[in-house]
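Please go through them with the coordinates open.

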Amino acid sequence: MRDTISTLTINKEPLSAAEQLLIKQAIEGLNKRYQDVPEDTVSQAQLIERAEYELNVIISMGFADYLLIVSDFLKIGAALGHVPDNRLEYLHQHMAEMSMDEMLQYIYEDQSAPGLAVGLGRGSGAGSVICYALEITHLDPMVHGLLFERFLNPERVSMPDVDSDFANAEKLCGTRDIVIEYVSKRYGKNAICGINTKSTLAAKGAIDAVQRALCGRDTKDLPREQALDIQKKYRDLAVEMKKLIPDLPGTTFDSEVSDNMTVEALIRQTYSNNPIALEFLDYAIQLEGVNDNYGKHAAGVVIADNGDIGAYGALMYDEKIGWKIQMDGPDVEGIGGLLKMDFLGLTTLNIITHALRLIQQNHGIYIDPFNVPQEPEIYQKIFSKGNTFGIFQFNKPGMQKMLKRFHPDNLDELILLNAVNRPGPMQYFDFMVKKKFGQAVPESAFDKVPCIQDILRPTYGYPVYQEQVMQIPQAMAGYSLGQADEIRRAMSKKKLAVIEENRELFVHGGIMENHDTHKKSSIQGSIQRGIPENDAYAVYDGIQDFAKYGFNKSHAAVYAVTAYMTAWLKFHYPVEFYTAYLNIADDPLEDILADAKANHVKITAPDINRSEGIFTCDSEQIFYGYSGMGLQAAMTDTARDYVSMADFIIRTSLTESTITKLIGAGAFDRFSSSRTALLKVLPIYMDFKKTLKNNAIKLEQSQQLLTDLKNGIKITKEHFKDYGLNRKTLPKVSELEQKVAESSAAIAEAKAMIEAQVIPVRQYPDDPLKRLQEEKELLKAYITGHPLEMYGAPQQYGCTPITDLHLDEDKKQNNCTIMGMVTSWRVTSKKDNANQKMAFFTLEDVTGQIPVCAFTGAYALYADIPSNPDEFVSEDNQKVLKPGAILKLKGYLKQDSRSDNDTMQFVISDKVPEAVTAIKPMLRPFQFNITGVEEINILIEKLKAYRQTDGHIVYIHNQTTGDIEQLDFKVSDAASATN
């Protein structure tokens, strides 16, 4: 237990009320944050020195109020993370009518739920120990070596950059909108608004705009066919011209694409003989940079100090997003009295919060995400295997590939990988991998300077972080970190004059003038510190490349910790993690389900008495939610206590098409083993349901009219239609009583007929393959089985499982063999020869799927058949390549040119014999017959003795009822002898 900090030395008198409050809260926060941190990790003297330095800078620059405001609303945001779901929903619905005090009371009344509604930090603010003390950030900057000067320093005249992540308001467990509502109440509704953004035409956008305009001009009054030809010609030309413009952000027509060659010059040279293209270019140059639209800053909120934001600038109203000030972010930041804040929505926070609450619900465990332990298994089984689908910042194919090569085994390496995946540092990633595993690499300019080795050691000898770009000038040439930050900013923004000026100062020393404050100071220079001139120049030139794309270590660190949290949840509580991910993430549903199944998470099909609008779970399995079928709204008013299909039909008012989807998805499997039989009887059900519904309406109208007449209510002709009357006079009471009786009888008869329907299970059994295919179409995954289960594992055929495929260093892999089912079949022809066909399709095995191409040679050998699948030749022939076929393929892997560089494509060989062969089922399913339900448990207990993971599928057929049930385990060959 360390000593309590009671005071900090501040070099200013007198202190304002805000500054005094900042110091008070900082001291309280430091004592709270560091009370359990060992002295040998962060000494008391180091802590006090850092805190005093930061506070003096913050106060001298006038930012005490800023940090207090940010700390205030972030603490409210953090508290919202512990408000139970039902109370959060109440806040969403009623916060506008509540006062600020009522909101706060409601928020703090119940803090029993686990959650993470505010991010650990964002941007350079994570480098401040005062921000950490104020709970603006949640990662110790001293333990992780993060720099305050990257966040704020006297050498840079700009507002501190404290962006804030909140749980996305549009998703489950969202809080961002509640925090903004709190801020509006705290500072006044008229004191805050959004920020306008201007959309300007970049070079490519300008070409598109010109293409559209000239197309309209040149096709006016032309015949349709001729106009369409010109439209296509102009569109194609624009596409080709844009290919000459690099995709790098900020590229203009003046940008250089090579030595002494600008984008404009390249286009003019390429299309020197094409007057239409040159006209496109001339107009596009004039349009480049022109404002073409207005929008709203995605996260920006501006607060006025006078309670009236309109006094500072013109406002614009948008019906969808409300008021916004007609300035962009930099304009707002330049006006005294206006404070710009960024409230960003981060869906990962919703996922973490939802998962934590599901864990509490299923296991009775309250998990604090800030206290999840660092465990080697998380790095070994999640990160090093690239098993990072759904893991924040690490879920893309390119990053997964890096993880598999680098094998990170601690948080520092996660931080490094999060930062290195960008153009500058990425060019040295191969060398970093080799260095990590003790392999030799060429010597770099950085290796020759001893005084920067400790700075670069965490990144294996190369500058990756912006903070390193600041530390190197400090170590080599005597810059302060604030002075070095000007070099970093000049390099990142390509301010050539400042870069060149500092190049000489870095090497030889001299007088430096700060371009913001115009303050002059002396720089010692590298040569004066004993560093050879050539080495100093080489290092300076080297850090230029990195500085253009270098990443902020503070930002990389807090996001890496957030990533670890999601990985920890995925590893220890996969059921709850994937349930949360299915309900909240925007990834394609089929991708989430596939990854969940690959991680051995059990997912059950929709069940009319178990499923809810969203995906739910218990501790062992996920229950498919109606949202996955697009039926969440339709199923809102349904119950979960139906005793039969007839009961469901009678008690609900769903359309036939909706019920058809539910049947195909398996929602009624508890009532029938045959979905086909249910579909056969459904039209009959619906006919009687229509009768029931119509008579229910008549009954209600007649009863209401009868009641009103008996109560003496005067009913005029204009109200007849309200009672369903299509006549000129009111019916007599006796007539109405007769109608009530008739409608009641008709309703009873319709119900009886619905209940009397027999589901023809024996007459219409399911085709197992068709059943599964329809299931996948509706649910985006095979849930109750897989068409390939009876074919055995890929290895049994000498094939590599699709999820184990990988490209080698040359972005290729020769001599691969895979097996699976053909889906997503598409045939096309060569552009220069319509008779030469090729096929593109997806091959899917039990582990995953991959795009496959049969080029013209392979197509002619194995699939030269009509486009109508019904006309395919017999499988006895070698031409077996067709939709739905189960095949073994030989060929090679390459990068898929149609997708990003990390996506693989399998190409069927036309050089090896039998590159495409049909596969017959290896394991037939077993069916056991019983005559009564009392036999089921006895049979199942016998079969359990023969369990085998890759064994036979088992069906139990009740010969009395006709029901067929598939067991949730497989059995060995020996089970066939079971009686």
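A crossing of two helices is called left-handed if the near helix is turned anticlockwise from the far one by less than a right angle, and right-handed if clockwise. The model under discussion is a predicted one, and the points that follow should be read with that in mind.

1. With that convention, helix 3 passes helix 5 in a left-handed crossing. Helix 3 (residues 64-80) and helix 5 (residues 100-109) pack at an angle of about 45 degrees, their axes being 9 Å apart, and the two are therefore described as oblique to each other. On the side of helix 3 the meeting residues are Lys75, Ile76, Ala79 and Leu80, while helix 5 brings Leu104, Ile107 and Tyr108.

2. Helix 3 also packs against helix 7 (residues 176-187), here at an angle of about 135 degrees and with the axes 10 Å apart, which makes helix 3 oblique to helix 7. The crossing of this pair is right-handed. Helix 3 contributes Ile69, Asp72, Phe73, Ile76, Gly77 and Leu80 to the contact, and helix 7 contributes Ile178, Val179, Tyr182, Val183, Arg186 and Tyr187.

3. Glu13 and Pro14 are joined by a cis peptide bond, with omega at about -10 degrees, and Pro14 has its place in the segment before helix 1 (17-34). Cys173, although not a glycine, has a positive phi of about 65 degrees; this residue lies in the loop between strand 1 (163-166) and helix 7, and it counts as buried at 9% relative accessibility. Asn815, which is not a glycine either, has a positive phi of about 55 degrees, but Asn815 lies in strand 14 (residues 812-830) and is exposed, with a relative accessible area of 74%.

4. Which residue's side chain does the side chain of Asp247 contact through polar atoms? The partner is Lys204, at 2.4 Å between the side chains, and the two residues are 43 residues apart in sequence and 9.2 Å apart in space from C-alpha to C-alpha. Asp247 belongs to the loop between helix 9 (224-242) and strand 3 (256-258), where it is exposed, with a relative accessible area of 71%.

5. Strand 9 (residues 510-513) and strand 10 run antiparallel and are joined by 4 bridges, with Gly510 having Ile523 of strand 10 as its bridge partner. The hairpin that they form has 6 residues between the strands, and within this hairpin His518 takes a positive phi near 65 degrees. Strand 10 (residues 520-523) has a covered face consisting of Ser521 and Ile523, and an uncovered one consisting of Lys520 and Ser522.

6. Gln483, in helix 21 (residues 481-492), counts as buried at 8% relative accessibility. Its side chain makes a polar contact of 2.5 Å with the side chain of Ser521. Leaving out residues up to four places away in sequence, Gln483 touches Glu155, Gly478, Met512, Ser521 and Ile523, and Ser521 and Ile523 are the residues of the covered face of strand 10.

7. In helix 28 (residues 656-665), the residues Thr658, Ile659, Leu662, Ile663, Gly664 and Ala665 are buried. The elements covering these buried residues include helix 27 (645-651), helix 29 (675-710) and helix 31 (768-779). Just after helix 28, Gly666 takes a positive phi of about 95 degrees.

8. Strand 20 and strand 22 (residues 954-958) pair in the parallel sense over 5 bridges, and Ile930 has Asn958 of strand 22 as its bridge partner.

Note on methods: Residues numbered from 1 in each chain as written. Predicted model: local features only at pLDDT ≥ 70, side-chain atom pairs only at ≥ 80, totals over all residues. Heavy atoms only, no water. Pairing = 2+ DSSP bridges. Buried < 20%, exposed > 50% of the residue type's maximum accessible area, 1.4 Å probe, protein only. Contact = heavy atoms within 4.5 Å. Polar contact = N/O pair within 3.5 Å; in protein donor to acceptor, adjacent residues only side chain to side chain. Axes fitted to C-alpha atoms, helices over the stretch in contact; angles between N-to-C directions. Parallel < 35°, antiparallel > 145°, perpendicular 65-115°, else oblique.
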